[in-house]
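Student: I have a chain open here and would like to go through its fold. Can you take me through it piece by piece?

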Amino acid sequence: MSESIARVRRQPELIQVNDRQLSTQGWISDLAERHLMAHLTGDRDECTIECMARTMFGRNIPRNREAVRRRIAGLHRKLLEAHKFLIIRYSERGQIIGCKFYSSEATEDERIVALTQIERMARRGDLSHERLEIARALLG
Ligand SMILES: [Zn+2]
C-alpha cells in the first residue's frame with residue numbers, strides 16, 4: 001500500500017496531546033474502551049463524563065457530554081459481550097457522571113455499585129437474559 005493511500009484510510013486512533021488522549025475521529029467504541037483501559041492501568045480513577053467528552057470529542061462542553069451519555073449504555077452492552085463490566089456512576093438526578101471498568105481489584109464499594117447497577121438493569125429490562133447472566137458471573 002502506498003503512503004498516500006495509507007493516509008487516506010487512516011485508522012481511527014487515540015493520540016496523546018500533552019497528558020491527555022484524544023480520538024482522531026470522534027466517538028469510536030473501540031477507542032472509548034482503550035481509553036477506559038488506560039485509566040485502569042494508569043491513574044486507576046474512573047473516567048468522568050468531562051474526561052470522556054474531551055477525549056472523544058475534543059472539548060468538555062454540554063453537547064459533547066450529552067453525546068457521551070447517549071453512548072454509554074451501548075458501550076456497556078458491547079463490553080459485556082466481551083465479558084467486561086463497566087461500572088456506571090450516576091448523579092442524584094440520574095445523569096451519568098463517570099464510568100470505570102470493573103476489575104478484580106475493585107473495592108467493596110465498587111462491587112456494591114456494580115451489583116446495584118445490574119439489578120436496576122434487570123428491573124428495567126435493559127439487558128437481555130444472556131447479558132445479565134454474563135454480568136452476574138463477572139461480579140462473582
Ligand atoms: Zn477518561
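**Fold walk-through**

Tutor: The chain has 6 helices and 5 strands. Keep in mind that this is a predicted model.

Student: What pattern does the chain follow along the sequence?

Tutor: Read along the sequence, the pattern is α-β-β-α-β-α-α-β-β-α-α.

Student: And what does the C-alpha trace span along its principal axes?

Tutor: The C-alpha trace of the chain spans about 50 × 30 × 25 Å along those axes.

Student: On to the strands. What is the order in the sheet of 3 strands?

Tutor: The order is β3-β5-β4, in an open sheet with antiparallel pairing. β3 and β4 stand at the edges with a single partner strand each, so one side of each has no neighbour in the sheet.

Student: What holds strands of a sheet together, in general?

Tutor: Strands of a sheet pair through backbone hydrogen bonds, and the pairing is either parallel or antiparallel.

Student: How many bridges join β3 to β5?

Tutor: β3, residues 47–48, is joined to β5, residues 96–101, by 2 bridges, and the two strands run antiparallel. Thr48 has Gly98 in β5 as its bridge partner.

Student: How many join β4 to β5?

Tutor: There are 5 bridges between β4, residues 86–90, and β5, and this pair also runs antiparallel. The bridge partner of Leu86 is Phe101 in β5, and that of Ile87 is Lys100 in β5.

Student: How many residues lie between β4 and β5?

Tutor: β4 and β5 form a hairpin with 5 residues between them. In that turn, Gly94 has a positive phi of about 85°.

Student: Where do β1 and β2 come in?

Tutor: β1 covers residues 14–17 and β2 covers residues 20–23; 4 bridges join them, and they run antiparallel. Gln16 stands opposite Gln21 in β2. β1 and β2 form a hairpin with 2 residues between them, and Asn18 in the turn has a positive phi of about 50°.

Student: Now helices. Which strands does α4 lie across?

Tutor: α4, residues 62–81, lies across β4 and β5 and runs at about 155° to β4.

Student: At what angle do α3 and α4 pack?

Tutor: α3, residues 49–57, packs with α4 at an angle of about 95°, and their axes are 9 Å apart. That makes α3 roughly perpendicular to α4.

Student: Which residues meet there?

Tutor: From α3 there are Ile49, Glu50, Met52, Ala53, Met56 and Phe57, and they meet Asn64, Arg65, Ala67, Val68 and Arg69 in α4. The residues of this contact of α3 with α4 divide into 7 nonpolar, 1 polar and 3 charged.

Student: What about α5 and α6, how do their axes cross?

Tutor: The axes of α5, residues 108–124, and α6, residues 129–139, come within 11 Å and cross at roughly 165°. The two helices are therefore roughly antiparallel to each other.

Student: Which residues of α5 and α6 meet?

Tutor: Arg111, Ala114, Leu115, Ile118 and Ala122 in α5 meet Leu132, Ala135, Arg136 and Leu139 in α6. The residues of the contact of α5 with α6 divide into 7 nonpolar, no polar and 2 charged.

Student: How far does α5 reach from its first C-alpha to its last?

Tutor: α5 has 17 residues and reaches 24 Å, close to the 24 Å expected at 1.5 Å a residue.

Student: And what follows α5?

Tutor: Gly125 follows α5, and the phi of Gly125 is positive, near 70°.

Notes: Residues numbered from 1 in each chain as written. Predicted model: local features only at pLDDT ≥ 70, side-chain atom pairs only at ≥ 80, totals over all residues. Pairing = 2+ DSSP bridges. Contact = placed C-beta atoms within 7 Å. Axes fitted to C-alpha atoms, helices over the stretch in contact; angles between N-to-C directions. Parallel < 35°, antiparallel > 145°, perpendicular 65-115°, else oblique. Nonpolar A, V, L, I, M, F, W, Y, C, P; charged D, E, K, R; others polar. Expected span 1.5 Å × (residues − 1).
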